[in-house]
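Please look over the sequence and the model shown here before reading on. The report is meant to be read with both at hand.

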Amino acid sequence: MERGDPQALQQPYDPGRIEQRWYEFWVERGVFLPRAEGRPGERPPGKPFVISIPPPNVTGSLTMGHLLGESVRDVVLRWQRMEGRETLYLPGMDHAGIATQNVVEKKLREDGRSRHDLGREAFLREVWAWKEQYGGLILRQLRRFGISTDWTRERFTLDEGYSRAVLHAFKLLHDQGLIYRGRYIVNWCPRCLTALSDEEVDHVDTAGHLWYLRYPVKDSKQSVMVATTRPETMLGDTAVAVNPKDRRYAKLIGKTAVLPLMRREIPIVADDMVDPKFGTGAVKVTPAHDPNDFQIAKRHDLPELVVMDEHGVMNDNAGDFRGLDRFEARKRVVAALTDSGYLEKTEPYTVPVGHCSRCHTVIEPYLSWQWFVKMAPLAAPAIEAAKKGQVKFYPVRYKKVYLHWLENIRDWCISRQLWWGHRIPVWYRGEEMRVSLDRPEGEGWTQDEDVLDTWFSSWLWPFAILGWPEETEDLGRFHPNSLMVTGADIIFFWVARMVMAGIQFRGEVPFQHVYFTSILRDAQGRKMSKSLGNSPDPIEIMERYGADAVRFSLIYLTPTGQDLLFDEKRLETGKFFANKIWNAARLVQMRLGDEDLSKVRESSLRLTLADRWILSRYANAVKNVTRNLKTYRFNEAANTLYQFAWAEYCDWYLEMAKPRWAEDADPADRRTARWVSWKVLDGILRLLHPFMPFVTEEIWQALPHEGETLALAAWPRARKAWFDAEVERQVGFLQELVVAVRNLRAENKVAPGRPVAVVVRGAVEQLDLVEKLAEQLRPLARIESLTLARDGSRPRVAASAVVQGAEVFLPLEGLIDLDAERERLVREADRLLHDLEGTRRKFNNAEFLAKAKPEVVERERQRLVQLEETLEKLKRAQESLRSVQG
């Protein structure tokens, strides 16, 4: 056993002094590599535990939300590593097509240039140069946070091997008839100049209007009134539609309307898609600018008239409104309709307006040629995988969210009108088209200008990072992943698509479990994000509190499945906890002596009640922390550790052990106290290491230990022999007695260090237990004289408390203000009477007695008896004080 450095803990705890040093130590020694690579010949049996990072954008930097996710991932990885499993945490970055191109284009605009000035190849060189200089900041920040990833396997979604995988996936799907090109309505961003998938559009309820327009019916004095939220698009109308079951319009079906302002004749058609309850029940049909209208047009063979260009500016088809921005055109069209008498009325109306999730520009439904993936065939097996439990969700409620999306899925538009990304592997020569990863042989071939949606590369992540489509050793060893930890906000973008891709390309789900982290929100309830600027700089936060404090606090404060309103001050929880453990370790280290404690046999020790209690509580902590980690209840695991380490080990056990460390203490007793203090502290450090790796490594190295690093030390096991419910009950009674005496001191302004006399009155078995506990009770409660009132007597004037039915008296004559004690007893009696009345009401409630479980009724019955007994004792105490002059 190594002794450790006796001076290491003598300085105050300073995270800045130790954290970077230990991270370099772990990396240099291959701790984060799979076991057989980091330590040859040590590959454990069984399947490795593998997770992969949700690849952050190359443009990204850490937010507090990132830190919560990384804390959870690293807790699981470090725990599994200590459990002896071979582990692998795969890092990498996403090329983030739109986001990255926008960043570089902004930089060019500042220099008075555009990407079109440079041309495609020169622009891409600019982006790669930017990536090399500024990209990957987030991964460097993760090192500071202590994440135990295998950096030798870092991947980038545009590196050569990964890019081949993406293009290979496209060709496979195309060959299987699952990818097609078509002219359809897409979500179009006039700012980014690209199509967007449905999941890349954020809908915001916006106060708008419903305009009612009159369309004259040809060769009659009749007109048909339609309602619209976007009057500028009426310039592209090619029909009016009504529901075939709507009797109001039965005679108009088949007739011709005349489009106001444009004087274009358009048919009146019947279609089941029309909702008779919306507006007037008649709708304008604009096939090139509305997805529903596009479907109506297909059924009725209507022309598709595009009236604005890709920038959202009205084109030549808009007649007199050509050249106007779409929103200015709206104002001009409404004014023209008003002037010409075609605007009947306007009503306020809330409209769910779609915005580009990247630049927040209002999107435009736009007709264009795009590439699509047929999703229904891919969704079916992904639905079955969830229903059969092949992939499980935590919290479980997200299973319904996942299934609802897949069961209502639409085809996925995967082409983007960008330059940065995976260029679509389709080649054209005249009327000829080929799908090929490389340029076809021969002259005259040109490649499709568009690139693939970023998520088309990301959905391959769990297996493409392991070398797919090649059957590499890594792919065979480390796929599928064991767990995916990510945010619920990308369950559609990424999680569901990864499941589909895994089944389609590998024949298996890419991970067995998915854990969704909570969302961190600011004081206004907004999600913390880089774009809103409402997340503090995580590096600055770590400089102030330390990485360990941030890691622990985020998990400790965030209940599973619930959002957290973030307050930086709450990070002090982890900071104070790290200091508490540090100071406790320093106290223990100073008293360990020179004996090799690892060779001490427990059977040779003389365990006291306090020793057996802390070993039992430690065994329970091991059991509960391990169980909570297995079920992904990280918050509960952290809370168990905090309560045990701080309240039970530091505040109670070490206080009980201090007298036994003294030089004049019995040697056997001192040896036992040293061993138990060290053994339990060693276990606390192991349990806490996944949450707070730096401070625990520093302390563990300073104490007697076996092994090179705590990161590879064995996870604790709960020894069956240490569980002792009776000892826990007895010490629990002792703790309540101590707290009662301390409270009586405080309430009566008796100095904490002043020795006092205490009298205890109660049942015979309670007094016997107090007598057994007296040796521990006296120093903890600073009791000079302890009297057991076996004759039932009580002090003439005393402050009192009740502990599990036993009365604890603190004689007050000469110590306190008797009037204040009388007032305290009145307040306590009022509180008990209120509780008593509430419990009595339950027993007067027939519904409670009929429906409550028998054990609940019995527990309430026992509580009623105890409340009545306690109230009676308080009344006697009040009577005692009335007979005494204050």
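## Basis of the report

This is a predicted model, in which local features need pLDDT of at least 70 and side-chain atom pairs count only at pLDDT 80 or more, whereas totals for chains, interfaces and linings use all residues. Residues are numbered from 1 along each chain as its sequence is written, and side-chain values use heavy atoms, with hydrogens and water left out.

## Nonpolar cores

The largest nonpolar core contains 219 residues, and those with the most contacts inside it are F456, L460 and F691. The largest share of this core, 15 residues, is supplied by helix α21 (residues 634-661). A nonpolar core is here a set of buried Ala, Val, Leu, Ile, Met, Phe, Trp, Tyr and Cys residues joined through side-chain atoms within 4.5 Å; buried means under 20% relative accessible area, exposed means over 50%, and partly exposed lies in between, with a 1.4 Å probe and protein chains only. Helices (H or I, at least four residues) and strands (E, at least two) are DSSP runs numbered from the N terminus.

When residues up to four places away in sequence are not counted, F456 touches V166, A169, F170, L173, I179, V373, W412 and I414, where contact means heavy atoms within 4.5 Å.

## Aromatic pairs and charges over rings

The structure holds 47 aromatic pairs; rings of Phe, Tyr and Trp (its six-membered ring) pair if their centres lie within 6.5 Å, and planes under 30 degrees apart count as stacked, over 60 as edge-to-face and the rest as tilted. W128 and W420 make an edge-to-face pair, with 5.2 Å from centre to centre and 75 degrees between the planes. This pair links distant parts of the chain, since W128 belongs to helix α6 (residues 120-134) and W420 to the loop between β17 (415-416) and β18 (426-429), 292 residues apart. W128 is partly exposed, with a relative accessible area of 32%, whereas W420 is buried at 1%.

One aromatic cluster is formed by F170, W371, W412, F456, W459, F463, W468 and F505.

## Strands and their pairing

Strands of a sheet pair through backbone hydrogen bonds, either parallel or antiparallel. Two strands are taken to pair if DSSP finds at least two bridges between them. β18 and strand β19 (residues 432-435) run antiparallel and are joined by four bridges; V426 has V435 as its bridge partner in β19, and R429 has E432. These two strands, β18 and β19, form a hairpin with two residues between them, and G430 in the turn has a positive phi of about 65 degrees. β18 also pairs in the antiparallel sense with strand β20 (residues 446-447), over two bridges, and there the bridge partner of Y428 is T446.

Elsewhere, four strands form an open sheet in the order β6-β5-β14-β16, with antiparallel pairing. Its edge strands, β6 (194-196) and β16 (412-413), each pair on one side only. Strand β14 (residues 364-373) is held to β16 by two bridges, and the partner of F372 in β16 is C413.

## Two buried positions

T157 lies in the loop between β4 (155-156) and α8 (160-175) and is buried, with a relative accessible area of 0%. Its side chain makes a polar contact of 2.7 Å with the side chain of H95; a polar contact is a pair of N or O atoms within 3.5 Å, for which, within protein, one must be able to donate a hydrogen and the other to accept it, and residues adjacent in sequence count only if both atoms are side-chain atoms. Leaving aside neighbours within four places in sequence, the contacts of T157 include M93, D94, Y162, H422 and W461.

A329, in helix α10 (residues 326-339), also counts as buried, at 0% relative accessibility. Beyond its neighbours within four places in sequence, A329 is in contact with E232, M314 and L324. A329 and E232 are 97 residues apart in sequence, yet 6.0 Å apart in space from C-alpha to C-alpha.
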